[in-house]
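Dear colleague,

I am handing over the structure below, together with some notes on what was found in it. Please read them alongside the model.

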Amino acid sequence: MGKEIVAMILAGGRGTRLEALTAKVAKPAVHFGGKYRIIDFPLSNCANSGIDVVGVLTQYESVLLGTYVGAGSKWGLDGNNSLAAILPARERGEVGATWYAGTADAIYQNISFLDQYDPEYVLILSGDHIYKMDYDAMLAAHKEKDAALTVAVLNVTLEEATRFGIMNTNPDGTIYEFEEKPAQPKSTLASMGIYIFTYKDLRKYLIDDAADENSKHDFGMNIIPMMLNDGKKLYAYEFAGYWKDVGTVESLWQANMDLLDDKELDLYNIKKDWKIYTEDTLSKPQIIGDKASVKNSLVTQGCIVNGEVSGSVLFDNVSIGEGAKIVDSVLMPGVLVEEGAEIYKAIVDENVVIKAGSVTNKEAKKVELVSDNA
């Protein structure tokens with residue numbers, strides 16, 4: 001019995017617009033957000049969506065990326081009942097050694113990998129986007145529509161639409177036309193390069209495309225137009241969260257800056273339902289806010305500091321609210337100090353919440369232990 005769905009991540013891009021950052025590493029292996037690499041995002045999305053077989057298609061400077069992904073254990077894809085497989089461009093009997101000729105050709109070259117799992121559906125992703133997305137919800141929509149292909153789209157501005165592949169749709173969400181970077185866009189639904197295909201349809205069109213010597217072997221330019229011409233059911237799945245293509249120095253900088261005003265991406269996993277996994281699987285980044293003051297203190301990864309901290313030790317995932325004061329104290333993992341609270345010469349136990357405006361141990365000469373277990 002085959003898998004319901006297998007994911008394929010296109011991670012072979014050279015990323016020339018990232019200049020020196022990709023001189024020795026593939027674009028998906030570029031560092032992001034203080035502790036991540038770009039490819040952590042699609043891999044984590046797969047793990048969180050319950051997709052347990054993922055092919056990572058590599059090409060340019062693939063050694064570091066292949067070593068990093070390894071057996072996939074960082075993302076729970078550890079080879080027991082799941083797998084993250086590195087699929088490099090390789091020599092083929094009919095043509096010899098070759099690069100992947102395009103996005104569709106990359107998948108075509110790995111049909112044998114897909115056939116091994118005989119999936120009902122195939123999810124195709126780019127390895128160089130920053131976002132959180134539930135692919136299982138997209139799959140549910142694909143099945144509900146009984147589609148041959150579902151394309152994830154983002155509603156952009158009319159000005160931005162000229163820089164994307166645009167999906168023109170009917171009121172029911174069916175796609176009737178694809179336009180690549182149109183000068184006069186008919187809609188603002190931009191393709192995110194995220195596709196769910198019904199595999200029997202995908203397999204047929206990949207084989208037909210591979211036989212066409214005039215094809216660019218690209219999903220946007222070739223496969224999607226072929227399917228539209230044949231009257232196949234294609235649907236647009238609208239995504240409303242944070243998404244950024246970090247293919248340029250400017251966009252990579254902007255995505256990092258967006259983390260400082262992190263409203264949508266939530267790398268701190270506050271909702272505790274969609275963690276982004278990486279080499280260091282336990283700790284989160286550290287943020288020192290613009291109203292913070294930190295002096296002579298040890299502040300561990302995962303802390304958010306928006307108040308004053310002096311002479312203190314903060315363990316991982318401690319959060320200090322605006323106007324709060326921490327003096328000569330030790331805060332154990334997960335402590336939350338709300339706005340305006342003050343702590344002096346104390347040890348605060350794990351996961352304790354210090355309420356807004358409260359003052360702890362200001363006049364005492366000995367150390368106070370603050371715990372929920374006292």
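S251 is buried, with a relative accessible area of 13%, where buried means under 20%, exposed over 50% and partly exposed in between (1.4 Å probe, protein chains only). This is a predicted model, in which local features need pLDDT of at least 70 and side-chain atom pairs count only at pLDDT 80 or more, while totals for chains, interfaces and linings use all residues. Residues are numbered from 1 along each chain as its sequence is written, and side-chain values use heavy atoms, with hydrogens and water left out.

S251 lies in helix α9 (helices, H or I, of at least four residues and strands, E, of at least two are DSSP runs numbered from the N terminus). Leaving aside residues up to four places away in sequence, S251 touches K244, D245 and V246, contact being heavy atoms within 4.5 Å.

L260, by contrast, is exposed, with a relative accessible area of 64%, and sits in the loop between α9 (249–258) and β14 (287–288).

Turning to helix α7 (residues 199–210), its 12 residues reach 16 Å from the first C-alpha to the last, close to the 16 Å expected at 1.5 Å a residue (the expected span is 1.5 Å times one less than the number of residues). Y199, D201, L202, Y205, L206 and D209 of α7 are buried. Seen down the axis of α7, these buried residues fall within an arc of 155°, so they line one face of the helix; the arc is that of the directions from the helix axis to the C-beta atoms. Their cover includes α3 (103–108), α4 (111–117), β6 (121–126), β11 (189–198) and α8 (219–229).

Best regards
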